[in-house]
Amino acid sequence: MMCSWKSFLLAASVTVLLLHFGGETEASNFDCCLRYTENVIHPRYIVGFTQQLANEACDINAIIFHTKRKLAVCADPKRIWVKQAVRILSQRVKKM
């Protein structure tokens with residue numbers, strides 16, 4: 001019985017590590033953005049966004065774009081393309 005408990009703990013630890021380090025530019029409901037994507041995402045592929053603030057629970061400011069493919073992508077809020085995408089998305093919401 002002790003062996004199966006150790007196996008369970010090992011499997012759980014590996015799973016947590018894979019989830020945490022598997023996509024450093026992706027975010028989820030319980031993660032913080034650790035770095036920004038290098039890719040520019042066209043606004044037509046983005047369905048929404050949230051803002052991450054460094055003065056709350058995370059280390060960096062970020063815009064987390066939510067894509068049609070159900071991905072969450074961390075972007076640098078200082079980049080021009082990010083500001084433009086946020087403006088476009090905010091205008092979409094106002095039209096509704």
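Which residues does D76 touch, not counting residues up to four places away in sequence? D76 touches Y36 and V82, where contact means heavy atoms within 4.5 Å.

This is a predicted model, in which local features need pLDDT of at least 70 and side-chain atom pairs count only at pLDDT 80 or more, while totals for chains, interfaces and linings use all residues. Residues are numbered from 1 along each chain as its sequence is written, and side-chain values use heavy atoms, with hydrogens and water left out.

**The loop residue D76**

D76 lies in the loop between β3 and α2; helices (H or I, at least four residues) and strands (E, at least two) are DSSP runs, numbered from the N terminus. D76 is buried yet has no salt bridge. Buried means under 20% relative accessible area, exposed over 50%, and partly exposed in between (1.4 Å probe, protein chains only). A salt bridge requires a side-chain nitrogen of Lys or Arg within 4 Å of a carboxyl oxygen of Asp or Glu. For D76, the nearest side chain of opposite charge is that of R79, 5.8 Å away; Lys and Arg count as positive and Asp and Glu as negative, whereas His and the chain ends are not counted. The side chain of D76 does reach the backbone nitrogen of K78, at 3.0 Å.

**The nonpolar cores**

A nonpolar core is a set of buried Ala, Val, Leu, Ile, Met, Phe, Trp, Tyr and Cys residues joined through side-chain atoms within 4.5 Å. The largest one has eleven residues: I41, I46, I63, F65, V73, A75, W81, V82, A85, V86 and L89. At least two residues of this core come from each of β2 (62-67), β3 (72-75) and α2 (80-95). The greatest contribution is that of α2, with five residues. A second, separate core of five residues includes A62, I64, A72 and C74.

Leaving aside neighbours within four places in sequence, I46 is in contact with I41, F65, H66, T67, A85, L89 and R92. With the same exclusion of residues up to four places away, A75 touches Y36, T37, A62, I63, F65, W81 and V82.

The structure holds one aromatic pair. F65 and W81 form this pair, which is tilted, at 5.8 Å centre to centre and 35° between the planes. Rings of Phe, Tyr and Trp (its six-membered ring) pair if their centres lie within 6.5 Å; planes under 30 degrees apart count as stacked, over 60 as edge-to-face and the rest as tilted. F65 lies in strand β2 and W81 in helix α2, so the pair ties together parts that are 16 residues apart in sequence. Both F65 and W81 are buried.

**Separations along the chain and in space**

| Residues | Separation in sequence | C-alpha to C-alpha |
|---|---|---|
| Y45 and K68 | 23 residues | 5.7 Å |
| I46 and A85 | 39 residues | 8.5 Å |

Y45 is placed in the loop between α1 (2-21) and β1 (46-52). Its relative accessibility is 46%, so Y45 counts as partly exposed. Not counting residues up to four places away in sequence, Y45 touches H66, T67 and K68.

K70 lies in the loop between β2 and β3 and counts as exposed because its relative accessibility is 78%. Most residues other than glycine have a negative phi. K70 has a positive phi of about 65° although it is not a glycine.

Notes: Polar contact = N/O pair within 3.5 Å; in protein donor to acceptor, adjacent residues only side chain to side chain.
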